[in-house]
Amino acid sequence: MHELTERELYQALEYAKSIDEENGKKIMSQFETDQPMLFQTIFGIFPTIIAEQNQDMAHLFMDLCFEVICVYQKAFGDTPKFIDDPTWMERQAILLDTEFQSLMQNQAMDGTIRKKLQDRFVRHNRLGW
């Protein structure tokens, strides 16, 4: 994965906006199959919470999420398949724990180490970690 150039992003957004309803349903169905928990969170839980405040905003949120999926698909191919691993989130949190601590100003930490951890955190997140 790489950071998209302006041209790549524009082309991917054009692709997303050109998708007809039938192909949109196929993309959503495939995404739900590949990432069932993420699908339910993005298109079930979050819109329900948002709709309590504003129904139009909930629809906009879902539209934007759909476009993000389409941009990803156009730029990088199919979304990764979900692997049922109940410890994945815990392992990821452990990996990020030290970086998170470096972001907390009330944590006692050497300034040089803090800067390195913060840089590592930013670098990992820019790489889609």
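## A loop residue to start from

Let's begin with T79, which sits in the loop between α4 and α5 (88–103). Keep in mind as you look around that this is a predicted model. T79 is buried, with a relative accessible area of 15%, and that falls under the 20% cut-off for buried residues.

What does T79 touch? Leaving aside residues up to four places away in sequence, T79 is in contact with F31, D34 and Y72. Two of these names, F31 and D34, come back among the buried residues of helix α2.

## Helix α2 and its two sides

Helix α2 covers residues 21–34, which makes 14 residues.

Now go around the helix. G24, I27, M28, F31 and D34 are the buried residues in α2. Because they cover an arc of only 130° around the axis, they lie on the same side of α2. Turn to the other side of α2 and you find E22, K25, K26 and T33, which are exposed. As for what lies over the buried residues of α2, the cover includes α1 (6–18), α3 and α4.

## Rings that pair up

How many aromatic pairs are there? The count comes to four. One of them joins F31 and F39: the ring centres are 6.3 Å apart and the planes stand at 55°, so this pair is tilted. Both partners are tucked away, F31 being buried at 5% relative accessible area and F39 being buried at 14%.

Another pair is F46 with F61, and this one is edge-to-face, with 6.0 Å from centre to centre and 75° between the planes. F46 belongs to helix α3 (residues 36–51) and F61 to helix α4 (residues 55–76), so their pairing ties together parts that are 15 residues apart in sequence. Are these two rings buried or partly exposed? F46 is partly exposed at 39% relative accessibility, and F61 is partly exposed too, with a relative accessible area of 24%.

There's also a cluster to look for: ring pairs link F31, F39 and F43.

## A charge over a ring

Next, find Y15 and K74. The charged end of K74 sits over the ring of Y15, at 5.6 Å from the ring's centre.

## Between L60 and P47

L60 is part of helix α4. With a relative accessible area of 41%, L60 is partly exposed. If you compare L60 with P47, you'll see that they are 13 residues apart in sequence, while their C-alpha atoms are 9.2 Å apart in space.

## Cysteines without a bridge

How many disulfides does the model have? The count comes to zero. C65 is buried, with a relative accessible area of 14%, and C70 is buried with a value of 0%.

Terms used: Residues are numbered from 1 along each chain as its sequence is written. This is a predicted model: local features need pLDDT of at least 70, side-chain atom pairs count only at pLDDT 80 or more; totals for chains, interfaces and linings use all residues. Side-chain values use heavy atoms; hydrogens and water are left out. A disulfide is a pair of cysteine sulfur atoms within 2.5 Å. Buried means under 20% relative accessible area, exposed over 50%, partly exposed in between (1.4 Å probe, protein chains only). Rings of Phe, Tyr and Trp (its six-membered ring) pair if their centres lie within 6.5 Å; planes under 30 degrees apart count as stacked, over 60 as edge-to-face and the rest as tilted. Helices (H or I, at least four residues) and strands (E, at least two) are DSSP runs, numbered from the N terminus. A charge sits over a ring if NZ of Lys or CZ of Arg is within 6 Å of the ring centre and within 35 degrees of the ring normal. The expected span of a helix is 1.5 Å times one less than its number of residues. The arc is that of the directions from the helix axis to the C-beta atoms. Contact means heavy atoms within 4.5 Å.
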